[in-house]
Amino acid sequence: MNQHSSYQITDICHYLMEQQVKAGDICIDATAGNGNDTEYLCQLAGQEGKVYAFDIQEEALRHTKERLDKKGWQAELILDSHDRMADYVKECGKISCIVFNFGYLPGGSHDLATRPESSVRAIEEGLKLLKKDGALCLCIYSGKDSGFAEREAILSRLKNLDSKRYLVVTMEYYNRPNHPPLPVLVKKLY
């Protein structure tokens with residue numbers, strides 16, 4: 001991370017993405033939101049790469065498109081749930097990085113948020129799509145409106161992944177109050 005980093009969860013996840021994504025890679029933003037991660041993946045993968053971005057809200061994809069258009073980047077924007085990514089992404093076993101932000105669209109309706117069942121299914125689909133040495137970067141928000149059910153369901157599933165096939169690293173803001181977000185990296189070993 002650079003010297004001006006505020007050490008927000010997005011800074012940590014962007015650092016993890018930088019270590020993972022190279023020019024020409026194929027990546028997925030499983031929860032496009034306002035397009036911040038989609039834009040970053042486009043920068044890292046470059047014009048030779050490809051980025052898919054999923055969201056269930058038209059507003060989120062509209063924001064993402066506007067953001068990308070301003071910078072001259074392109075991504076395939078898909079209005080559907082992240083747990084259906086395999087229906088759209090045909091490069092099975094070739095995806096370098098998949099980014100998830102679990103919770104709700106910043107500035108959007110808190111009633112529209114990711115849910116435990118679909119999020120766990122999306123992680124399962126993502127693991128199938130990853131190439132060897134590919135990674136999932138997860139930002140898990142909990143507390144207040146987001147609750148803890150999704151966080152616990154995701155962590156439970158990750159804890160039970162085959163340790164010979166996957167490396168799972170969770171990081172924690174240990175001294176921050178009010179249920180800070182949890183950054184997680186999942187690396188596919190083979």
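Trainee: Is Cys97 buried or exposed in this predicted model?
Mentor: Good place to begin! The relative accessible area of Cys97 is 0%, and a residue under 20% counts as buried. Cys97 is therefore buried.

Trainee: How far is the sulfur of Cys97 from the closest cysteine sulfur?
Mentor: That closest sulfur belongs to Cys137. A disulfide is a covalent bond between the sulfur atoms of two cysteines, and the pair would have to lie within 2.5 Å to count as one. The gap is too far for a bond, because it is 4.1 Å.

Trainee: Which helices and strands does the chain have, and in what pattern do they follow along the sequence?
Mentor: Let's take the count before the order. The chain has five helices and seven strands. Read along the sequence, they give α-β-α-β-α-β-β-α-β-α-β-β.

Trainee: How many of the ten residues of helix 2 are buried?
Mentor: Helix 2 runs over residues 36-45. Its buried residues are Asp37, Thr38, Glu39, Tyr40, Leu41, Cys42, Leu44 and Ala45. Helix 2 is largely enclosed by the rest of the structure, because the buried count is eight of the ten.

Trainee: Where are the buried residues of helix 3 placed around the axis?
Mentor: The buried residues here are Ala60, Leu61, Thr64 and Leu68. They cover an arc of only 90 degrees around the axis, so they lie on the same side of helix 3. As a general point, an α-helix has 3.6 residues a turn, so residues three or four places apart point the same way. For helix 3, then, the place is one and the same side.

Trainee: Which exposed residues does the face turned away from the buried side of helix 3 carry?
Mentor: The buried side is covered by elements including helix 2, strand 2 and strand 3 (76-79). Turn to the face pointing away from that side, and you will find the exposed residues Glu58 and Lys70.

Trainee: Which residue just after helix 3 takes a positive phi?
Mentor: Step just past the end of helix 3. The phi there is about 80 degrees, and the residue is Gly72.

Notes
Residues numbered from 1 in each chain as written. Predicted model: local features only at pLDDT ≥ 70, side-chain atom pairs only at ≥ 80, totals over all residues. Heavy atoms only, no water. Buried < 20%, exposed > 50% of the residue type's maximum accessible area, 1.4 Å probe, protein only. Helix = DSSP H or I, 4+ residues; strand = E, 2+ residues; numbered from the N terminus. Arc of directions from axis to C-beta. Contact = heavy atoms within 4.5 Å.
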